[in-house]
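Have a look at the structure before reading on.

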Amino acid sequence: MTSLKKKSRRKPSSQALGNIVGCRISHGWKEGNEPVTHWKAIILGQLPTNPSLYLVKYDGIDSVYGQELHSDERILNLKVLPHKVVFPQVRDVHLAGALVGREVQHKFEGKDGSEDNWSGMVLAQVPFLQDYFYISYKKDPVLYVYQLLDDYKEGNLHIIPETPLAEARSGDNNDFLIGSWVQYTRDDGSKKFGKVVYKVLANSTVYFIKFLGDLHIYVYTLVSNITKIKKNHKVQKSKLIGLKKMFIFLCWVPMGL
């Protein structure tokens, strides 16, 4: 889904749709003058710190999208599908628990048969699909979801033995970084802005970031050297729409580095 686009449509209320986490959905997507495309997906989660934002996995796509399903006018004819999702039970609970919070090497096979190993970190199990895990990679810090137990048993996933289990954190949502705006400077000097939307419980320094104009969820380690800009500091509002008077700019590096 490289482009998802804008058109005014009456949207069903969140009350009408009810709790859709764990449900299969379908919707159209209309952006600009492009034709409407049609998508099916499963709702993996709803962020407790940002209830309007849902974690969505579309059929045939392994990355996780952050969608405001009830307010994004590019989404057309949102429907909850009647087919029930089967929630498989995890057969190896010990292995599942051992993977969460660990750095891993994940082997992928290309269309030409070539193999490529990706270094990453296992972030969590999907609560109701516990054979699926959230994972992100050093060279592509987007949130993905895979059936990692199968990959481990088939020899395509290896825990990096030198890395200790990451420091876990409590389940409260009072982390002061949640809801803070961050600035990322690209290699060409251009900047993009995003919001910290979730903290990863399996690692005390890893957070989900949702950038403006980008549907993906990014996973970054936020480094401790944080600079707070004074309240009377003048900032160009055209570039920082909706930011609070107290701005927090974070020095960060890709997750796991």
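How do the residues of the lining of the second largest pocket divide into nonpolar, polar and charged? In this predicted model, the lining holds 13 nonpolar residues, three polar ones and no charged ones. The pocket itself has a volume of about 240 Å³. Its lining counts 16 residues, and A124, Q125, P127, Y134 and Y198 lie nearest the centre. Two strands, β2 (37–46) and β7 (115–126), each supply at least two residues of that lining.

Together with L44 and L123, Y134 has the most contacts inside the largest nonpolar core. Leaving aside residues up to four places away in sequence, Y134 touches L44, L55 and V64, the run M121, V122, L123, A124, Q125 and V126, and also L143, Y144 and V145. In general, nonpolar side chains tend to be buried together in soluble globular proteins.

| Core | Number of residues | Residues to look for |
|---|---|---|
| Largest nonpolar core | 47 residues | L44, L123 and Y134, with the most contacts inside it |

The last stop is N77, found in strand β5 (residues 75–80). N77 has a positive phi of about 55 degrees, although it is not a glycine. Most residues other than glycine have a negative phi. Is N77 buried or exposed? N77 is exposed, with a relative accessible area of 63%.

Methods: Residues numbered from 1 in each chain as written. Predicted model: local features only at pLDDT ≥ 70, side-chain atom pairs only at ≥ 80, totals over all residues. Heavy atoms only, no water. 1 Å grid on protein atoms, 1.4 Å probe; cavity = no way out; pocket = protein on both sides within 12 Å on 5 of 7 lines; lining within 4 Å. Points joined across faces, edges and corners; volume = space filled by probe spheres on them. Helix = DSSP H or I, 4+ residues; strand = E, 2+ residues; numbered from the N terminus. Nonpolar A, V, L, I, M, F, W, Y, C, P; charged D, E, K, R; others polar. Buried < 20%, exposed > 50% of the residue type's maximum accessible area, 1.4 Å probe, protein only. Core = buried A, V, L, I, M, F, W, Y, C linked by side-chain atoms within 4.5 Å. Contact = heavy atoms within 4.5 Å.
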